[in-house]
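Please keep the sequence and the structure in view while reading.

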Amino acid sequence: MPTLEIDGQAVTVEDGLNLIQAAERLGIEVPHYCYHPGLTIAGNCRMCLVEIEKSPKLQIACNTRVAEGMVVHTQSARVKQARSAVLEFLLINHPIDCPICDQAGECKLQDYYMDYDRQESRFALEDKVHKSKAIDIGPLIMLDQERCILCTRCTRFLEEITKTGELGVFERGNHCAIDLFPGKRLDNPYSGNVADICPVGALTNKDFRFRARVWYLDHTPSVCAGCATGCAIDIHHRRGEILRFRPRQNPHVNQYWMCDEGRLSYKRYQGEGRLLQPVARDGDGWAIRGWDQARAEVRDRVQAVLAAHGASAIAGLVSSQATNEEIFAFDDLVRSVLGGRIASLAWSPADAAGDAFLIDADKNPNSAGLRILGRSGVDLEALLQDAASGAIRVLFLLRCELERALGSAVLD
């Protein structure tokens, strides 16, 4: 494991790391655009230039591997001058879109300009090269060629991760632009990731476009419940409303990515059909109850059933949509406290599809948890028969969509 010095601090890291990764271990940011840890090295943006002692020229940190005794400077006068020059070059033809750009607040062009440049443009606004804007390139993605800095993250993602290759770099010089190959659309199951990895506002997500400024959003780490893969995600929300899901790095599950199906699954968690307070049967309809009143009614009914029919009339049905903690607590209530029995329900649509990457045909996020906790495959059919015959008088349900999974005929 080589030991090197970065900005006066010594660090020992694994062999094979590049200087961007080594600097991160010390909390030092080396600015970059084209580099992404989940993609191959392109080395085309030149933003990550650093000074290495005994090297006559500045070197790109993304493609320079650590070596024993290396002494690196990321804040020298030469480095700062190079960064300023790179930013000036990138901004020559960049449009003045910041007030209306959907990337504002998480744009690395904005951030790095404020950190490393802050100089007036030497090019008149009317001399900028104009390219196509607001191009619909797929079901989820819009392209703005003027904002693109040609980092090629998107093209590498489509070549290396999805292997679908819908986008390419066309033309030459300052007329270069990212565009679709003839006859293609960006409609693969992972297309939304190109908006996540775009460091500027060139590729934006239609679903989130113009809905909120990102600095108003709260972020909550979570796990996608769209299928059994369980991708790590961040939930971006504001005032109690979920606005988008984005992938969160997890090297053991989803790396840096997530599928479009999971990305858009946030919509099913909010809407007019979601219960926000307890309701109870009231004749042929439903009546709203307060939490204390609802708990009291359930407790009274359960006690009456236990007194009249015993614990055999109590049962619970839990689905693999529930978390391990919910399953454990539910099991403790139904079996340990009330003496009843539990069955599990794991259901996926008959036409559910999967692939060899992240999408699992099992659309239950916690089938593995049910198996580990020993609640998978327990007498579901017998429990439903007993419920239909009246032998079960109280049936607790946890995250079960019975009508969808079993059909209304079974429930009748």
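This is a predicted model: local features need pLDDT of at least 70, side-chain atom pairs count only at pLDDT 80 or more; totals for chains, interfaces and linings use all residues.

## A residue in a loop

Thr-152 is found in the loop that lies between strand S7 (141-143) and helix H4 (153-160). Is Thr-152 buried or exposed? Its relative accessibility is 14%, and buried means under 20%, so Thr-152 counts as buried.

When residues up to four places away in sequence are not counted, Thr-152 touches Ala-42, Asn-44 and Val-169. One of these, Val-169, also has a bridge partner in strand S9, namely Ile-178.

## Two hairpins

Strand S8 (residues 167-170) pairs with strand S9 (residues 177-180) in the antiparallel sense, over four bridges. The two strands form a hairpin with six residues between them. In the turn, Glu-171 has a positive phi of about 70°.

A hairpin is also formed by S1 and S2, with two residues between the strands. Here Asp-7 takes a positive phi near 50°. Strand S1 (residues 3-6) runs antiparallel to S2, and four bridges join them. Within this pair, Ile-6 stands opposite Gln-9 in S2.

Strands of a sheet pair through backbone hydrogen bonds, and the pairing is either parallel or antiparallel. S6, S7 and S10 make up an open sheet of three strands in the order S6-S7-S10, with antiparallel pairing. Strand S6 (135-136) and strand S10 (203-205) are the edge strands, each pairing on one side only.

How many bridges are there between S7 and S10? Three bridges connect them, in the antiparallel sense. Ile-141 stands opposite Asn-205 in S10.

## A sheet of five strands

Another open sheet has five strands, ordered S2-S1-S5-S3-S4, and its pairing is mixed. Which strands stand at its edges? They are strand S2 (9-12) and strand S4 (59-60); each has a single partner strand, so one side of each is left without a neighbour in the sheet.

S4 runs antiparallel to strand S3 (residues 49-52), and two bridges join this pair. Leu-49 has Ile-60 in S4 as its bridge partner. Helix H2 lies across S3 and strand S5 (71-73), and runs at about 165° to S3.

## Two helices in contact

Helix H2 (residues 77-91) also has a relation to helix H3 (residues 108-116): their axes come within 10 Å and cross at roughly 140°. H2 and H3 are therefore oblique to each other. The crossing in which H2 passes H3 is left-handed.

Which residues of H2 and H3 meet? From H2 come Lys-80, Arg-83, Ser-84, Leu-87, Leu-90 and Leu-91, and from H3 come Leu-109, Tyr-112, Tyr-113 and Tyr-116. Divided by type, the residues of this contact are seven nonpolar, one polar and two charged.

## A residue in a strand

Leu-397 has its place in strand S18 (residues 394-398). With a relative accessibility of 43%, Leu-397 counts as partly exposed. Leaving aside neighbours within four places in sequence, Leu-397 is in contact with Leu-317, Phe-330 and Leu-402.

The separation of Leu-397 from Ala-343 can be stated in two ways. In sequence they are 54 residues apart, and in space they are 10.0 Å apart, C-alpha to C-alpha.

Notes. Residues are numbered from 1 along each chain as its sequence is written. Side-chain values use heavy atoms; hydrogens and water are left out. Axes are lines fitted to C-alpha atoms, for helices over the stretch in contact, and angles run from 0 to 180 degrees between N-to-C directions. Angles under 35 degrees count as roughly parallel, over 145 as roughly antiparallel, 65 to 115 as roughly perpendicular and the rest as oblique. A crossing is left-handed if the near helix is turned anticlockwise from the far one by less than a right angle, and right-handed if clockwise. Contact means heavy atoms within 4.5 Å. Ala, Val, Leu, Ile, Met, Phe, Trp, Tyr, Cys and Pro count as nonpolar, Asp, Glu, Lys and Arg as charged, and the others, Gly among them, as polar. Two strands pair if DSSP finds at least two bridges between them. Buried means under 20% relative accessible area, exposed over 50%, partly exposed in between (1.4 Å probe, protein chains only).
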